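Reader: I'm new to this one. Could you walk me through how to read it, feature by feature?

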Amino acid sequence: MPVLVVGNFPPVPGPVTAATLAQVRAGVAAGASVRTASPRPSGAELVVPATGWRAGRRLDAARRSTGADELVLAVADGLPARAPADRGGRRAVGVADAAAAVTSTLWALRRFRHVTLVVADDPGVPVTLLRPLWRSADRVLVTGAALAGRLGVPAGVAEVVAAPGPLRGVVATGTVTTLGPPEAPPWEMPRYVAGRAARAVLGPAFPPTWAALRWAGRPVLRRLRARRAG
């Protein structure tokens, strides 16, 4: 059965991305069939916006579409819950949103046979909300004993692992995060929406189909360019 790895992927910089890629490499090295997903368009195969109160439903939809019975989820700010500080100073609203995201995620985690959570950075979510997540997992891989203690990860499930090295070729600009910025300006939204719809319909067949269409359309583009030049 496939393993579904959900987390940050390039171009998102940072330790969560490095830890997610480390899990993908470990799965491939072990001979597993690995499917990758990210909350935003990225280097991952699938886009699964598993954040907020709909996080659980989206994770379960990814489980059913991939046939995965094992989940590796790299916890981050926005995956599955946003840090309350991000809610424009309305901390009570932010805490309620985070609680709804965690509750939704717990429902989805119970539908996987095996769950591994990966923690490479503090997501900024209150520890009281994170504790049910830790208890729902078979393993919680934490990059440091201090981080495990700060986030309240129980000793029974915590496994302290070495932090992966820095990412190569990913520029840490601070503007690309788990959930933002928007992938396209308003004037490019029709093309963006069409691309998302095509990916949703074609799934893994989208890349080869798009490559074939681009190749077939080259003669037409050459004629159009020649007319403009003339």
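Author: Arg214, Arg218, Arg222, Arg223, Arg225, Arg227 and Arg228 form a positive surface patch. Some ground rules: this is a predicted model, where local features need pLDDT of at least 70, side-chain atom pairs count only at pLDDT 80 or more, and totals for chains, interfaces and linings use all residues. Residues are numbered from 1 along each chain as its sequence is written, and side-chain values use heavy atoms, with hydrogens and water left out.

Reader: What are patches made of?

Author: They're made of residues with over 30% relative accessible area and no salt bridge; like charges are joined within 9 Å, and nonpolar side chains (Val, Leu, Ile, Met, Phe, Trp, Tyr) within 5 Å. Accessible areas come from the Shrake-Rupley method with a 1.4 Å probe. Lys and Arg count as positive.

Reader: Which helix gives the most to the positive patch?

Author: Helix H8, residues 218–229, with six residues. Helices here are DSSP runs (H or I, at least four residues), and strands are runs of E, at least two. Arginine 218 lies in H8 and is partly exposed, with a relative accessible area of 44%. The scale goes like this: buried is under 20% relative accessible area, exposed is over 50%, and partly exposed is in between.

Reader: Now the sheet. In what order do the strands come?

Author: The general idea is that strands of a sheet pair through backbone hydrogen bonds, either parallel or antiparallel. Here seven strands make an open sheet, ordered S3-S2-S1-S4-S5-S6-S7, with parallel pairing. Strands S3 (46–47) and S7 (158–160) stand at the edges with a single partner strand each, so one side of each has no neighbour in the sheet. Two strands pair if DSSP finds at least two bridges between them.

Reader: How many bridges join S1 to S2?

Author: Four, between S1 (residues 3–6) and S2 (residues 34–38). Leucine 4 stands opposite arginine 35 in S2, and valine 5 has threonine 36 as its bridge partner there. Val3 and Val5 point one way from S1, Leu4 and Val6 point the other way, and all are buried.

Reader: Where do I look for cis peptide bonds?

Author: As a general point, most peptide bonds are trans. In this model, a cis bond joins proline 10 and proline 11, with omega about 20°. Proline 11 sits in the loop between S1 and helix H1 (15–29). Another cis bond joins leucine 79 and proline 80, with omega about 0°; proline 80 is in the loop between strand S4 (70–75) and helix H3 (91–109).

Reader: And how many salt bridges does the structure hold?

Author: Seven. Side chains of opposite charge can pair when their charged atoms come close. The cut-off is a side-chain nitrogen of Lys or Arg within 4 Å of a carboxyl oxygen of Asp or Glu. Take aspartate 60 and arginine 64, which meet at 3.3 Å, N to O. They're four residues apart in helix H2 (residues 55–66), about one helical turn. Aspartate 60 is buried at 4% relative accessibility, while arginine 64 is exposed at 53%.

Reader: Which residues are linked in a network of salt bridges?

Author: Asp60, Arg63, Arg64 and Arg111. Elsewhere, arginine 113 forms a salt bridge with aspartate 69, with the closest N and O atoms 2.8 Å apart. Arginine 113 lies in the loop between H3 and strand S5 (114–119) and aspartate 69 in the loop between H2 and S4, so the pair ties together parts 44 residues apart in sequence.

Notes
Charge placed at Lys NZ, Arg CZ, Asp CG, Glu CD. Buried < 20%, exposed > 50% of the residue type's maximum accessible area, 1.4 Å probe, protein only.
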